[in-house]
Amino acid sequence: MKPPPFDYHGPVTLGEALDVLAEAGPGGKVLAGGQSLIPLLNMRLAAPAHIVDVNRVPGLDGIEAGPEGVRVGALARHAAVERSPGAAAALPLLRQALRLVAHPVIRNRGTVVGSLVHADPAAEMPAVLALLGGSVRLASRDGEREVPAAEFFTGPMESALRPGELALSAFFPALPPRSGTAFYEVARRHGDYAVAGVAAAVTLDEDLRVAAARVACVSVGPVPVVVDVTSACGPGPAAAAGWEAVAGAVQDRVDPEGDIHATAEYRRHLTGVLAARALRDAALAARGEES
Amino acid sequence: MTTKLFGEPVRRREDDRLITGRGRYLDDLGEGALAAAFVRSPHAHARILDIDVSDAIDVEGLVAIYTWEDLPGALAEPLPLLIPHPALTHGRTAYPLAREIVRHVGEPVVMVVARDRYLAEDACALIRVDYEILKPVVGIEEAVRGVHLVHEDVPGNVGAHLVQEVAGPGGVTAREAIDAAPHTLEFRLDIERSACTPLEGKGVYARWDADDESLRVYSSTQTSTSVRMAIAAKLGLPLPKVEVIAPDVGGGFGVKIVHPWPEEVLVPWAARLLGREVKWTEDRREHFVSSSHERGQVQHVRAGFDDEGRVLGLDVEILHDHGAYTPYGIIVPIITSTQLLGPYKVGAYRVEFSSIYTNTVQVTPYRGAGRPQGVYCMERTMDRIAAHLGRDRTEVRAANFIQPDEFPYDQGLTFQDGRPLIYDSGDYPEALRLLKELIGWDSFPEERARAAAEGRRIGIGVGCYVEGTGVGPYEGGHVQVTSDGRVHVSTGLTSQGQGHETVFAQIAATELGVPIEKVSVVTGDTRRFGYAVGTFASRAAVMSGNAIALACRKVREKALRIAAEALEADPRDLEITDGMVHVAGVPSASIPLATVAVLSNPLRYAFDEEARRATQFAASGSDDRPPVAEGEEPGLEGRDYYSPIRSTFAAGMHAAIVETDPDTAEIRILRYAVVHDCGRLINPMIVEGQIHGGVAQGVGGALYEKMAYDEHGQLLNASFMDFLMPYATEVPHIETAHLETPSPLNPLGIKGAGEAGVIPVSAVIASAVEDAEGITITRMPISPSDLYALRQDR
Ligand SMILES: Cc1cc2nc3c(=O)[nH]c(=O)nc-3n(C[C@H](O)[C@H](O)[C@H](O)COP(=O)(O)OP(=O)(O)OC[C@H]3O[C@@H](n4cnc5c(N)ncnc54)[C@H](O)[C@@H]3O)c2cc1C
């Protein structure tokens with residue numbers, strides 16, 4: 001379990017990093033927290049010719065929280081975002097999700113943006129970005145582009161990132177007033193990738209009826225599966241909504257696969273159970289109540 | 001300060017060093033040594049057609065590439081079958097490097113030596129091996145069909161077949177007893193594979209001294225003395241020219257008792273051939289596919305019993321999957337079939353096992369060594385009987401217990417040491433009483449009702465076991481008091497974290513009457529002690545503990561003799577306290593043990609103050625006796641061995657309360673209680689630590705771990721990402737109570753404790769989940785996904 005040979009680059013400015021990446025082309029890989037890339041290298045599942053370690057590039061670790069949402073820089077660690085009071089105030093879902101990501105030691109090094117680029121369908125942060133309709137800002141020597149979540153996740157462990165590009169930051173848009181969120185998952189062990197998990201966002205109107213309700217499901221498809229269940233919630237007050245029935249609609253939309261940890265049927269079942277729990281608690285939070 | 005340390009919860013003396021990073025594990029040694037890496041088979045069953053190394057030759061830093069063709073003499077032969085048995089009619093072992101056929105994914109095919117491990121792995125990646133794929137045999141059912149064979153010359157894939165039968169009253173056979181019984185049950189049980197997975201894998205580091213023509217080998221092993229003998233034999237070296245040392249070892253749990261591993265002979269061989277230091281450190285992936293696994297069995301049970309639940313006849317057929325090779329013989333299924341009976345006396349018993357080849361990693365003992373499977377079988381049977389009769393599960397168990405006045409109790413079977421299975425002592429009814437009290441068995445119905453009122457589902461389970469511990473043939477101890485008053489204890493068996501530095505020092509300090517700070521302990525170093533068996537089968541405390549105590553008694557006797565002369569007293573009036581030999585009740589008439597050590601060795605040359613007192617013109621001995629009297633030896637040291645007639649039998653009972661989520665089918669252990677009897681406790685804190693670790697591994701086996709082989713024989717979860725060893729977050733708080741039924745078999749009255757914790761856990765969790773769910777559990781481990789499937793099938 002030693003990596004194959006590679007050239008190591010440690011650029012100290014963004015411009016230098018983009019130059020190195022441009023020259024490396026498809027043989028280049030960005031190293032951020034290394035919590036996913038290093039194991040891949042050690043198991044020789046990835047053999048990039050060039051590793052571009054961006055950890056010394058200044059200015060990439062920002063966490064900017066405002067009424068519009070939260071912008072997270074490429075070097076903002078999971079733990080920093082999890083603990084950021086501004087981020088938590090603007091979007092409680094960030095903290096709810098990050099507490100489910102791995103273990104504290106991994107969160108201390110792993111980055112939110114790295115997790116998005118890594119695009120593991122079992123990962124929490126891609127689901128959060130997809131649920132909120134956020135975006136990822138990509139930079140290359142030729143310029144920058146902002147890719148919406150719906151286009152960013154293209155398959156299991158595949159994103160829209162092109163050779164030569166660095167993901168600069170990700171933007172998680174805030175929700176309207178009277179919104180609430182929740183994220184529940186079942187993992188085999190504490191901190192493991194989820195067997196199934198559901199993030200929910202519910203927005204109520206002034207009469208406390210459901211104005212919008214969405215879920216994003218992990219581990220049940222090649223990319224986070226976002227389902228808009230607003231219409232299934234019915235016109236009545238949210239407190240009276242039949243969340244189990246709504247969750248049934250979610251279940252029907254996912255197409256999980258079985259593996260050594262769980263059958264496809266169990267994953268589908270769990271997605272329903274977790275969707276009901278997450279939606280109910282998101283609706284409660286939207287009313288300003290604790291679950 | 002007292003020197004009575006036996007039985008005290010002395011804090012582990014090794015921990016300070018180990019937890020502050022000062023441990024010296026195999027990979028911490030040999031800075032700058034060449035590194036070995038292996039090309040391993042990617043196929044479960046294949047014929048090697050060609051090995052092409054031409055691309056690898058160009059790797060900068062490459063030193064050597066070896067295949068089976070390069071191996072000389074005994075090295076080219078199959079590795080030893082360590083424990084032959086008449087029933088193992090078709091034992092097979094692997095070659096150090098595969099010869100022609102590979103029989104499991106991970107089997108070593110080529111050894112590469114290079115300047116460092118990175119380069120060695122680069123070269124490995126460039127070596128092309130052409131294989132002709134053969135049909136793999138995976139899973140017990142597939143194997144017993146015998147359509148495809150793991151070894152061409154082993155028909156039906158059956159390596160061993162053994163029947164043991166114990167007749168009941170009046171010579172009635174088990175089958176007759178079952179047929180005549182008022183109630184009968186018949187069912188199948190499955191238990192999956194797991195593995196030891198010590199956090200430190202295996203590792204070997206060898207230094208050849210060309211001037212001295214000697215070899216020093218460090219190995220992360222559970223038996224340095226036997227590795228030494230194996231290396232000497234395989235490399236054709238005189239035994240005195242080989243030293244083997246087990247440095248700090250980061251866990252073993254059984255896998256490191258197997259020897260010699262291919263690497264344990266190949267690395268020293270390469271070191272000698274190259275005249276360079278060579279090291280190999282096993283990585284995690286290698287460990288999963290090229291070490292050992294255990295546990296996988298299918299059991300067919302038939303039981304006949306009376307209205308009280310007393311078992312009149314028990315007939316068990318076991319299919320045991322031993323993987324591709326049998327280097328460790330059939331110890332595991334022998335233990336399953338003999339320890340299955342646990343604390344119970346059954347009317348008549350018949351057990352039959354077939355030990356089966358599959359194209360998977362070999363099976364050798366893993367902590368518990370076949371007992372978890374046996375206990376699972378027996379305890380599932382007890383629960384089935386209770387359910388059938390509508391009786392309390394603990395009542396049925398109690399009805400079958402061997403009673404305290406029935407010891408020694410002969411189960412009528414032949415145990416793993418080839419000796420009769422005779423339990424030495426125990427008190428099972430008392431253990432069960434303690435356990436029920438600890439877990440609150442009798443008040444559980446109310447607890448269940450309270451939980452149900454909150455929409456929660458909980459269940460309680462129980463499991464009992466008896467564990468043969470401290471198997472022979474022997475261990476030895478050497479104790480030396482040096483002239484500075486320090487006590488140096490050594491024993492040949494090895495340590496893998498058990499706390500031997502502490503408990504052996506407690507024994508020596510107690511026996512010799514010295515402060516524990518004066519005692520140092522060395523294990524697993526053949527330079528210090530050449531004769532040993534190894535650390536396995538919960539035997540270290542019993543075997544080496546007693547041997548060290550006996551060696552200390554020799555030293556003490558000699559010390560008293562010398563001191564008596566110096567003090568002009570009767571040795572029978574002397575005592576040793578805090579390192580001073582003194583006349584009982586007269587502390588002023590005393591002499592330090594250090595001085596006794598000086599006096600024990602008449603010297604010619606004075607090199608320091610102490611030595612001056614023992615030189616020929618200073619010594620006060622009489623002129624008409626030789627300075628070293630007949631039958632004496634210079635020095636204050638003693639060596640002795642402990643060799644028991646048979647094993648001693650520890651016992652224990654566990655209970656658990658689990659909660660199952662009605663929606664997600666997640667299983668959580670709410671409480672876990674252990675009553676444990678390992679005879680006299682040397683150190684209760686260490687025993688508890690051993691229990692906690694064992695239960696943790698048991699929880700792994702019950703709820704998380706399995707070896708997920710696909711039909712091609714690929715292990716799909718060969719990493720800690722997918723092989724779910726429980727974290728601290730998955731292991732419950734463990735409540736323990738001790739019972740001390742001394743063993744009459746050894747001087748210290750102790751029994752082994754190392755494996756105990758793991759043994760009944762799968763049985764206990766199965767019992768508790770079954771109780772919570774009302775679904776019969778017949779397969780372990782059980783995952784939430786499995787439980788969900790069972791609910792769907794209900
Ligand atoms: C034991 C363990 C458990 C884990 N459990 C979970 C879990 O439960 N949930 C979860 O979501 N994650 C989990 N992870 C993964 C963890 O969250 C990682 O931190 C994350 O997936 C990747 O972040 P990173 O910064 O470490 O990225 P790296 O490992 O450095 O990189 C990952 C990939 O993203 C690319 N990349 C990273 N940053 C950029 C960038 N700015 N621009 C372009 N490309 C980039 C890299 O080239 C690489 O391909 C776990 C990891 C471990 C080791």
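Guide: The side chains of B:His293 and B:Arg193 are joined by a polar contact of 3.0 Å (N or O atoms within 3.5 Å; within protein, one able to donate a hydrogen and the other to accept it, and sequence neighbours counting only if both atoms are side-chain atoms). The model is predicted, so local features need pLDDT of at least 70 and side-chain atom pairs pLDDT 80 or more, while totals for chains, interfaces and linings use all residues; side-chain values use heavy atoms, without hydrogens or water. Residues are numbered from 1 along each chain as its sequence is written, and chains are lettered from A and ligands numbered from 1 in the order in which they are written.

B:His293 sits in the loop between helix 7 (284–290) and strand 13 (297–305) of chain B; helices (H or I, at least four residues) and strands (E, at least two) are DSSP runs, numbered from the N terminus. B:His293 counts as buried because its relative accessibility is 1%, where buried means under 20% relative accessible area, exposed over 50% and partly exposed in between, with a 1.4 Å probe and protein chains only.

Next come the salt bridges (a side-chain nitrogen of Lys or Arg within 4 Å of a carboxyl oxygen of Asp or Glu). Over all chains, this rule gives 80 salt bridges. One of them pairs B:Glu475 with B:Arg539, with the closest N and O atoms 2.6 Å apart. This pair links distant parts of the chain, 64 residues apart: B:Glu475 is in strand 19 (residues 475–481) of chain B, and B:Arg539 is in the loop between strand 21 (519–523) and helix 14 (540–567). Both B:Glu475 and B:Arg539 are buried.

B:Arg671 and B:Glu735 also form a salt bridge, at 2.8 Å from N to O. Here the link runs from strand 27 (residues 667–677) to strand 28 (residues 734–738) of chain B, with B:Arg671 and B:Glu735 64 residues apart. B:Arg671 is partly exposed, at a relative accessible area of 25%.

In chain A, A:Glu244 and A:Arg280 form a salt bridge with their closest N and O atoms 3.0 Å apart. The two lie 36 residues apart, A:Glu244 in helix 10 (residues 243–253) and A:Arg280 in helix 11 (residues 264–286). A:Glu244 is exposed, with a relative accessible area of 53%, and A:Arg280 is partly exposed, at 32%.

A network of salt bridges also links A:Arg44 with residues of chain B, including B:Arg40, B:Arg117, B:Glu121 and B:Asp283.

That leaves the ligand. It is surrounded by 30 residues, and A:Val30, A:Gly34, A:Leu37, A:Thr111 and A:Glu124 are the closest (a residue is near if one of its heavy atoms lies within 4 Å). Helix 7 of chain A gives the largest share of this shell, five residues. Oxygen atoms of the ligand lie 2.8 Å from a backbone N or O atom of A:Gln35, 2.7 Å from a polar backbone atom of A:Leu37 and 3.2 Å from a backbone N or O atom of A:Ala102. The protein covers 93% of the 960 Å² of accessible area that the ligand has on its own, by the Shrake-Rupley method with a 1.4 Å probe.
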